[in-house]
Amino acid sequence: MDSGLAGLRGVGELSPQRRAELLLLGAYMALILGGAIPVFEMLVRAWQSWGHVRIIIQGAINATGLAPALFYYAPVGLYVGLGLALVADSYKRAQGVIFWIGILLGSVFVLASRTELLGTLFGGMGPSGTVAFLVFVGIGLRAAGVTTDVIDDDPPYEFNRAPRLLFVVTLAAIVIGFLDFHIDYRPVVRITPTGLTTQTPRLWGLNPSHAFTDAVFGVMCLAGLYKFTSYESDVKVIQIGPARSGKSAGFGGLHLTVEEFRDEDAWLKSSDDVLSLRDDIVEGEFPEPTRNRAGLQWLEIEYNAGVLFPEKLFLQSIDYGGALLGDVLANVRSDTKLAIEERASNWTEARRQVDRVNRRLMEQEGETDGGEVVKSDEIASAVWDCVRHADRIILTIPLDDFLKPIIENGTEMEYIEVVRDDGSRTEAELRSALDLTESQYLPNPFEYDGGLFYLPDRDEFRDHPSDYVTWYRDLMKHEGFEDTEFTYAVTKADLALRDYRAAEREHGNHNPLPLRNYDDFRHHVVDIVHDASNLLSQDFDEPEEFWPLWYEVEDPDGVGGDEPRITTADMDTIPVLRGSEQLLTKLER
């Protein structure tokens, strides 16, 4: 067995998550910094055009007789307070730095060079002015939720009102500034020596000068600031697939990847059901079949992801017995007229339906007097409601159903011994070679090179590949799933490792690393799946949507066990579920 260390990233190679963060950093800098100076220039032109805002401020100055600077301390101080709260926010610190760089660029290259605002504000600021300014800064911080009680707690700190208020205030400033400059009008109020008075408004026309660029750069800045308001992402994902196809082991592996490479405290915040899967894998054991566990398993992973731009993420799914797949997809299947009831109108209701079915299953398990039985179509209906309202659906393709191309290549596979029959073996001999009892089905062989090939250990409850692949296609084409994102998880991809390495060596690559060269391995796996199934090649033609997943499996003979075991020795440096970091990054987008 090749060591999992072959999958380590090269020195200086970025993780998929870090690459995504750097792309987001570039987008933020382009939006905020690229638009800062043009937006400041537009606001200065609007100020110099004497629109409603400046007239009202000047009227208040005339009416009160107070120093003009005091009337600027309030809005500027409040805005500065909100901006400081952004920097103090553990989730928005990097965005806060970008925000303040934009403010600095606009202040230096526009306000300082084209207006006297900075001089008016700070040139004659004495002790009373400083106190007044700091008071308004404090009010801005308070409005954002920054209090001593919060600061005294342990991080992370979250002041989610700050980016929202900044966005609203900036939106108002840009819209009012745009209208003030680009609409030539007589305001409804005018300045008098003692304050303000009203007058008949009048519209003279439009000023198209700089209108296009002002609109573009204004929208750019607002788009960047609006992205600042997002704190969490709730990804409603469900993985469907046939029996014993690796759904449970896949989600448990995703949790371990989150825990080791995203948020070490994720196990404190995740559901008990997913922690049970996680614990099995940590011990090197594959989770037992879902049909052997009581009820439907609600899987939820909560964690913080990101370094530059931390975000709270929630992955929610439901684990069910794969033998129910045909019932779950009854309403979309083209090969049956059966249908199941649809009860939920959204994801929240679907989860409540799952809870109701689980309660009844638990009650049924404790019944001794033959109470009401929960029917399989009720369970399938609860799962189907989750499928209908999921944001993303992972379609499971277990590679052990598509091994013919590997066998035809003459490649020996990991931990699976293929039984060949030249026609001379009796059924009893075949059962013995395949380790099957008399009550178990003898698997259907396939022909190649004059012989019959049997694959052992295929679950008798699993649907035939031609059936579930057809159901997948029916689901993808069904009305109501146009906006649903479908992703294909090729589980048990370790069965293709030796075939991939052999193919790479034929092409002169003498050290093929499937995890480091994930895209190359992905294309190899997709070629295997396509070659094995004409049905798949009709619709599943984008390799970028396939995500091979696999565990490094120990040889049972080497550890004295009866079942294959998961290699966990290097789980602190490489995801124990290989390929899960790539899939997780996909789900997080």
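A: Arg45 and Asp214 join their side chains in a salt bridge, 2.5 Å from N to O; the term covers a side-chain nitrogen of Lys or Arg within 4 Å of a carboxyl oxygen of Asp or Glu. Arg45 belongs to helix 1 and Asp214 to helix 9 (residues 211-228), so this pair ties together parts that are 169 residues apart in sequence. Helices here are DSSP runs of H or I with at least four residues, strands are E runs of at least two, and both are numbered from the N terminus. Arg45 is buried at a relative accessible area of 12%, and Asp214 is buried too, at 6%. For these labels, buried is under 20% relative accessible area, exposed is over 50%, and partly exposed is in between (1.4 Å probe, protein chains only).

A word on what you're looking at: this is a predicted model, where local features need pLDDT of at least 70 and side-chain atom pairs count only at pLDDT 80 or more, while totals for chains, interfaces and linings use all residues. Residues are numbered from 1 along each chain as its sequence is written, and side-chain values use heavy atoms, with hydrogens and water left out.

The structure has 21 salt bridges, so let's walk through a few others. Lys492 pairs with Asp400, with 3.2 Å between the closest N and O atoms. That pair also links distant parts of the chain, 92 residues apart: Lys492 is in the loop between strand 12 (485-491) and helix 18 (497-506), and Asp400 is in the loop between strand 8 (392-398) and helix 15 (404-408). Lys492 is partly exposed, at 24% relative accessibility, whereas Asp400 is buried at 12%.

Beyond simple pairs, Arg392, Glu485, Glu545 and Lys586 are linked in a network of salt bridges.
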